[in-house]
Amino acid sequence: MASSSEGANLTAVLKKKGELVLEDTPIPQPGKNEVQLRMQAVGICGSDVHYWQNGAIGDFVLRAPMIVGHEASGVVSALGEGVTNLKVGDRVAVEPGVPCRMCGFCKEGRYNLCHEMVFCATPPVDGSLRRFYCHAADFCYKLPDHVTMEEGALLEPLSVGVHACNRGGVCLGSNVLICGAGPIGLVSLLTAKAMGAAVVAITDIAENRLEVAKKLGANHTIKIDSKDSREMAKKIKATMGCQPDVTVECSGAPSSVQTAIFSTKSGGVLVLVGLGPAEITIPIVDAAVREVDIRGIFRYVNCYPTALSMIASGRVDVKPLVTHHFPLSKTLEAFETSRTGAGGAIKVMIHCNQ
């Protein structure tokens, strides 16, 4: 990995599939309604690793060098023209997607579906894993003094959990099944509990992740030990003592999606969060005749304020999700740890100020 660790704006650049390097880049200056940020904590997302290893996610294809990173927090270091909601020195969480604000989706409050969305570290848009970065001021959220920079970075995955539970209609007394105990499954677990779910069960193939889920408040942990989706659905029902009102599928594995459909209560809701193969075979007739609603989610929308309130109030504790810490100069080591899950890695955090 190329390194120029003394650079004023040390930056993690994905040159092409499989080639992640550190290099010095120009310090950006804020444009109108933007702020310049001295970056602090940036978490590694599965999508970052996927672009590094595969060079594409669906229709988003890496065709030119791209700066990675989108789970981020920083300190405001300069203001662009027109910025009034923030000041230099403010600690902020960065919502990485900036929509056009003008289209029908934006005006309806569903800006995550905006066709002109500019989203960090999604080709061809550069991300925030660097010492200095500029972002739209209205998509930066000031952190209370007692909320850490790491927690600020974790607002991004937590917002996915908030959006998933909102789409599923999780509420007081809900019985919830979460498929997959990776970072997104775990934040969905935390969110469901915070929203008042009575029972939350979670599945995974890895015992160590289920142990973490148990510590985070899962009522039931279920190890996937069969590829027979109907059999797994029976096991889930027996363990929970009921069928879930809401299932949040976070793995994207075809067999897990099938299990999720069979498991969900008639009249219930299945939320698809994890992205696997572009096309899969599912028991659609089973879902149709039992009126199981299947809903997708795309990132999140209007969820950062909720996620921040959940953390600031103490309702949700995301700190246990961070298992590994690296300085910016050891970005490749950090990415490798995230890729392999070495040492029980769940969320790997890079500190850009180190």
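Predicted model: local features only at pLDDT ≥ 70, side-chain atom pairs only at ≥ 80, totals over all residues.
Figure 1. Residues are numbered from 1 along each chain as its sequence is written, and side-chain values use heavy atoms, with hydrogens and water left out. The partner of Lys347 in a salt bridge is Glu71, and the closest N and O atoms of the two are 3.0 Å apart. The pair links distant parts of the chain, since Glu71 lies in strand E7 (residues 71-79) and Lys347 in strand E20 (residues 347-351), 276 residues apart. Glu71 is buried too, with a relative accessible area of 2%. A salt bridge here is a side-chain nitrogen of Lys or Arg within 4 Å of a carboxyl oxygen of Asp or Glu, and by this rule the count comes to 14 salt bridges.

**Figure 2. The salt bridge between Lys142 and Asp90**. The closest N and O atoms of Lys142 and Asp90 are 3.5 Å apart. This pair also links distant parts of the chain, with Lys142 in strand E12 (residues 140-142) and Asp90 in the loop between E7 and strand E8 (91-94), 52 residues apart. Lys142 is partly exposed, at a relative accessible area of 45%, whereas Asp90 is buried, at 5%. Salt bridges that share partners join Lys142, Asp90 and Lys87 into one network.

**Figure 3. The salt bridge between Glu19 and Lys16**. The side chains of these two residues meet at 3.9 Å, taken from N to O. Glu19 counts as partly exposed at 31% relative accessibility, and Lys16 counts as exposed at 52%.

**Figure 4. The buried residues of helix H1**. In helix H1 (residues 46-54), the buried residues are Asp48, Val49, Tyr51 and Trp52. Seen down the axis of H1, these buried residues fall within an arc of 160 degrees, so they line one face of the helix; the arc is that of the directions from the helix axis to the C-beta atoms. Just after H1, Gly55 takes a positive phi of about 80 degrees. Helices (H or I, at least four residues) and strands (E, at least two) are DSSP runs, numbered from the N terminus.

Key
Buried < 20%, exposed > 50% of the residue type's maximum accessible area, 1.4 Å probe, protein only.
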